[in-house]
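Student: I would like a close look at one part of this model. Please take me through the aromatic rings and what surrounds them.

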Amino acid sequence: MRFFISSDLRKNKPLYFASLLFVLFSFLFWLSGFLHFYAKHRFSKEELIKHYFLDPEFPQKPSLAQISEELHVSLFINALLLLVLFSLLNLFVRSGKLKLLLIAMNSFLLLFYLSSDFFIYFGGPSFVLVKLLSFFAYQSALLLLLLVVVYGMLGKGSGTDLSMARLIVFLFSIFSLLFLFSNFFNFFVKMGFGVEGIKLYYLGNPELFIKGKSLEGVFKVFYPHLLAMGIYVLSLSHFLPFAGLTLKESMRLSVPMWLGAYMDNFSSLLILWLGAPIAYVKLLSFWLFQLTALYCTLLLLYASTRRVKAPPIQL
């Protein structure tokens, strides 16, 4: 994002065309959102009830673990998408009111869409249409954002606004807090916060008729998380200079965050190979990552609401 704030993208041809290609992929992502939703729910109230409550005649309570996992993934993907699109919007569109409208509308509707699962969880089958309504509302806002960004990029205008950039950093901080909460919540509903819960989740217990995780099952989670967590930590570390931190201060926070993220991911595999003692590594690395990332996020949140002077950015 610092490139989008402090450089003329049109003069940097490789970055400019890379940004255009990113927007093209964003359009494909937007279109795929409809296909993905249709494959799961068929845009139908009946199918939504079946997905969440299994049997329309005798509905069961939705799985909190399933809801937390879907929230966790959707929040990460969409928040990073909006972060880049908001940055391009700020660079290529001059109208401050239009930028503010699109940023506020997309942020609010994404939160509305993400929270719809909890409306269903607590409200029951009668609330499934909230999911459908919020999906179409967010998709409509995202399409409008994409069209305005493309129009701006293909035109000749330039509208970099540092106050708007501060707003984008603020929103990134809010989404980061929500992401960390979803990570915390996801960990809790699956394993609790004790070593025994972690052992039980990964290794199972024949006496309690709990089956342990297979290598294939763990690797399906490990594989995408390795890249996703790397992108998240890179993004968060990347923004630390906006909080007025020096390079040394940023490194002191970034290194334990990276270590915690890697140890948290790899310990999921190692616990299958090396046994129960690795559960302690899993728990400690989870807290190391969560607390360091939370502290960095709070620093950014504070800086984005104050006029904290960042060190000069070298490009």
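Tutor: In this predicted model, the structure holds 33 aromatic pairs. Take one pair to begin with. Phenylalanine 76 and phenylalanine 179 have ring centres 5.8 Å apart. Their planes meet at 45°, so the pair is tilted: stacked would need under 30 degrees, edge-to-face over 60. Phenylalanine 76 belongs to helix α4 (residues 64–92), phenylalanine 179 to helix α7 (residues 162–191). The pair therefore ties together parts that are 103 residues apart in sequence. Both phenylalanine 76 and phenylalanine 179 are buried.

Now a stacked pair. The ring centres of phenylalanine 187 and phenylalanine 193 lie 6.0 Å apart. Their planes are at 10°, so this pair counts as stacked. Phenylalanine 187 has 6% relative accessibility and counts as buried, because the cut-off is under 20%. Phenylalanine 193 is partly exposed, at 31% relative accessible area.

Next, a cluster. Ring pairs link Trp30, Phe34, Phe37, Tyr38, Phe43, Tyr113, Phe135, Phe136 and Tyr138. Phenylalanine 43 is found in the loop between α2 and α3. Its relative accessible area is 29%, so phenylalanine 43 is partly exposed. Its phi is positive, about 55°, although phenylalanine 43 is not a glycine. Most residues other than glycine have a negative phi.

Arginine 42 lies in that loop too, between α2 (13–41) and α3 (45–53). Here phi is near 60°, again a positive value in a residue other than glycine. Arginine 42 is partly exposed, with a relative accessible area of 42%. The charged end of arginine 42 sits over the ring of tyrosine 38, 5.0 Å from the ring centre.

Lysine 61 lies over the face of tyrosine 121, 4.4 Å from the ring centre.

That leaves helix α5, residues 96–123. Helix α5 has 28 residues. From first C-alpha to last, α5 reaches 39 Å, close to the 40 Å expected at 1.5 Å a residue. Just after α5 comes glycine 124, with a positive phi of about 95°.

Notes:
Residues are numbered from 1 along each chain as its sequence is written. This is a predicted model: local features need pLDDT of at least 70, side-chain atom pairs count only at pLDDT 80 or more; totals for chains, interfaces and linings use all residues. Side-chain values use heavy atoms; hydrogens and water are left out. Helices (H or I, at least four residues) and strands (E, at least two) are DSSP runs, numbered from the N terminus. Buried means under 20% relative accessible area, exposed over 50%, partly exposed in between (1.4 Å probe, protein chains only). The expected span of a helix is 1.5 Å times one less than its number of residues. Rings of Phe, Tyr and Trp (its six-membered ring) pair if their centres lie within 6.5 Å; planes under 30 degrees apart count as stacked, over 60 as edge-to-face and the rest as tilted. A charge sits over a ring if NZ of Lys or CZ of Arg is within 6 Å of the ring centre and within 35 degrees of the ring normal.
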